[in-house]
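Here's a quick look at a predicted model, starting with its pocket and then moving out to the whole chain.

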Amino acid sequence: MTQNISARRGAAIAGFAALVLLVLLAAFDNQWTGHWREGRAAEGGDTTHSWIAAPVRGLSALAWRATKETGEPSRLFFGTLAAPVIAVVLTFLLLMLVCRGVGAVRGRWSLFLGAWFVTGLAAAVALIVGTSIAGMGGAQAKRGDIYYALTSSGLAFGLFAGWLVGFVAVLVYGSTEVAEEDRTTREYPTSPLEDYSDYSDYSFSPTSPYSSGSSGSSGSSGSASSSYSSESVNAPTEIATPPQENDPYGGARPY
């Protein structure tokens with residue numbers, strides 16, 4: 001039966017993967033890189049890097065600001081700031097759930113694809129929750145159009161960022177594989193009955209503590225048993241004749 005990833009190992013994998021996602025959001029989606037992202041996200045804009053427009057737009061879905069803009073409502077600011085935090089937390093929790101269903105030895109591809117998918121799912125849920133906190137949507141929220149757009153943006157973010165989360169998860173998975181095997185070996189030692197090399201200690205030699213007789217009389221009992229066995233082997237085979245009964249007729253029969 002294949003053993004799955006333990007809870008401790010899964011927490012380590014999910015923790016490092018979520019930490020990398022947090023670093024990516026903090027470094028790429030902050031307000032100080034907003035002008036750089038806007039220039040590269042525009043098709044035919046002020047730069048010639050239009051071939052990276054789609055990835056930049058996808059990765060900008062969880063853009064955040066550390067300071068409020070002039071006249072910006074507090075609810076809108078906190079909603080925008082909560083979305084990336086929720087995405088990181090949900091990625092951690094969902095990735096731990098994925099690890100519980102991945103094999104402890106041969107589960108690299110399953111872990112990679114699972115981490116890739118949950119990154120997009122967590123981003124979609126985070127965008128919906130953040131938008132709800134910010135109070136945005138209006139009439140579109142009643143029709144459901146805003147939820148479709150937010151889900152598409154979250155999945156697009158996972159498409160371009162989830163591979164990095166999955167790659168880090170696989171790296172941590174491989175580095176903790178040896179430690180997991182050693183811990184499992186310590187928790188489940190080999191049974192002495194399965195170690196056939198120890199059977200030599202239970203030989204029934206004359207000096208063995210498992211032979212008949214006490215340790216003080218082991219020498220004499222061993223000599224007696226050996227002499228008895230040699231005599232029984234070397235002695236000729238004799239056929240015992242049944243004893244003759246007294247015959248009152250001297251061997252003659254009355255008939």
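## The pocket

H4 contributes the most to the lining of the largest pocket, giving five residues. Helix H2 (34–41), helix H4 (74–99) and helix H5 (108–134) each put in at least two. Helices here are DSSP runs (H or I, at least four residues) and strands are E runs of at least two, numbered from the N terminus.

The volume of this pocket comes to about 410 Å³. Of its 23 lining residues, Ser 60, Ala 61, Ala 63, Arg 65 and Thr 80 are the closest to the centre. By type, the lining splits into 11 nonpolar, seven polar and five charged residues. Nonpolar covers Ala, Val, Leu, Ile, Met, Phe, Trp, Tyr, Cys and Pro; charged covers Asp, Glu, Lys and Arg; the others, Gly among them, are polar.

A pocket is an open set of points on a 1 Å grid over the protein atoms alone, where a 1.4 Å probe fits, with protein on both sides within 12 Å along at least five of seven lines; lining residues have an atom within 4 Å of a point. Volume is the space filled by probe spheres set on the points, which are joined across faces, edges and corners.

## The chain

The protein chain has nine helices and zero strands.

## Confidence

Mean pLDDT (the predictor's confidence in each residue, from 0 to 100) is 77 for the chain, and 63% of the residues score at least 70. Over residues 212–233 the pLDDT is below 50.

## Ground rules

Residues are numbered from 1 along each chain as its sequence is written, and side-chain values use heavy atoms, leaving out hydrogens and water. As this is a predicted model, local features need pLDDT of at least 70 and side-chain atom pairs count only at pLDDT 80 or more, while totals for chains, interfaces and linings use all residues.

Conventions:
Contact means heavy atoms within 4.5 Å.
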